[in-house]
Amino acid sequence: MRWGTAAVVAAAAVGAAVLVVGRKASERMVRPETAAPESGPLVVQRLAAGRVTFTRRPESLRPGRWAVEWEGGGHAVVEEVLHSDAQGVTRRLVRADRGTLAPGTEVRFTPRVLLGDPTTALGLPFTGTTAEGELGDLPAWYVDGKRGTWVILVHGPGADRQQTLPVLPVLDRLSMPALAVTYRGDEGAPASPDGLSHFGETEWRDVESAIRLALDNGAGKVILYGWSVGATMVLQAAARSAWSHAVRGLILDSPVLDLQASARRDARRAGWSGAVAELGALAAQGRTGVDLADFARIAEGADLHVPTLLLQSPDDPIAPLRAAEHLAHARHDVVSLQAFPGADHAALWNSAPERYTELLRRWLTPLL
């Protein structure tokens, strides 16, 4: 009996340990605001007129336009790689707009090239407004336009409305009103009742609130545009909302379409591996109660009925390309897949700003 009791106690201890490990490995996915930088800082080696040299790392070699940030609120913008060797990577320095960039400064690369609001970042007039969500008021930026079709912009988890800033100029040139929204869990918005992200399964109702706001204020149709899990929310809203008839099109940037694969990848990105990453994926599902069958049905485009622009990187460390390819193949009648090689998750614009902007312009024009 004593041996049997000891075995039960040991098994229970092992089970408890597994649950704890799985919970820790799932934390980034269910609480995106806790996500840590994926790597440590780089060091500025040299500065010259219009150029800066960094430690050679994958981040400093990324193509396109990036911000570098450092302690104390420092912020600068860099563009193309001018020179690269074993000693360092030299990039064009566009501007250093906050703080002092100097040799020896430790920096991190981020996609936040534009900071602030539409006026401070881009000189575009905007109005602060709110959508009435089921949990409370949801702050939003409204940028006016002459067209009857509004674009509703939904940022990804761990980001905020500043993620939408790079696409506002092309919408302004097309005279399309833009509504950049928040949702539960965002700063200034109501918290999720359990404090967790539900991968769009509850948050889509906040996107629906934004659709209602647009329609109540003169929009004839809306285009829903989301990044990462924000794109997943857009898909869910287009499939489930009572106002889905007003949706004219979808733009999905780096959408999370395979929840289990993305949870495993995110756990690995946080430093977990092997069986622990699998436990993290299972824990994320269990903690949020996501209906995987329904999630998969929507992610496969079962309810799609409007033109959809699907933007994805083959090198995305979170959302696998194969899920995007599956959606594009299954719904080739409405889905156009455009790949951005070398881009990071939800940072496709950064990798090729001119191509991304022109692609948007061409795709949106027939929908005006």
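This is a predicted model: local features need pLDDT of at least 70, side-chain atom pairs count only at pLDDT 80 or more; totals for chains, interfaces and linings use all residues.
**Notes on salt bridges, the sheet and its helices**

1. Glu 358 is partly exposed at 29% relative accessibility (buried means under 20% relative accessible area, exposed over 50%, partly exposed in between, with a 1.4 Å probe and protein chains only). Its salt-bridge partner is Arg 362, with the closest N and O atoms 2.9 Å apart; a salt bridge here is a side-chain nitrogen of Lys or Arg within 4 Å of a carboxyl oxygen of Asp or Glu. Arg 362, at 56%, counts as exposed.

2. Residues are numbered from 1 along each chain as its sequence is written, and side-chain values use heavy atoms, leaving out hydrogens and water.

3. The count comes to 19 salt bridges. Glu 134 and Arg 205 form one of them, at 2.8 Å between the closest N and O atoms. This pair links distant parts of the chain, 71 residues apart: Glu 134 is in the loop between β7 and β8, and Arg 205 is in helix α4 (residues 204-216). Helices (H or I, at least four residues) and strands (E, at least two) are DSSP runs, numbered from the N terminus.

4. Asp 294 and Arg 240 also meet in a salt bridge, at 2.2 Å from N to O. Here helix α8, holding Asp 294, is linked with helix α5, holding Arg 240, across 54 residues. Asp 294 is buried at 17% relative accessibility, whereas Arg 240 is partly exposed at 28%.

5. Now the sheet: 8 strands form an open, mixed sheet in the order β7-β8-β10-β9-β11-β12-β13-β14 (strands pair if DSSP finds at least two bridges between them). β7 (127-133) and β14 (335-339) are the edges; each has a single partner strand, so one side of each lacks a neighbour in the sheet. From one strand to the next, the twist averages 20°.

6. Which residues of helix α9 (residues 321-330) are buried? They are Leu 321, Ala 323, Ala 324, Leu 327 and Ala 328. These residues lie on the same side of α9, because they cover an arc of only 165° around the axis, taken from the directions from the helix axis to the C-beta atoms. Their cover includes α8 (292-299), β13 and β14, where contact means heavy atoms within 4.5 Å.

Notes:
Axes are lines fitted to C-alpha atoms, for helices over the stretch in contact, and angles run from 0 to 180 degrees between N-to-C directions.
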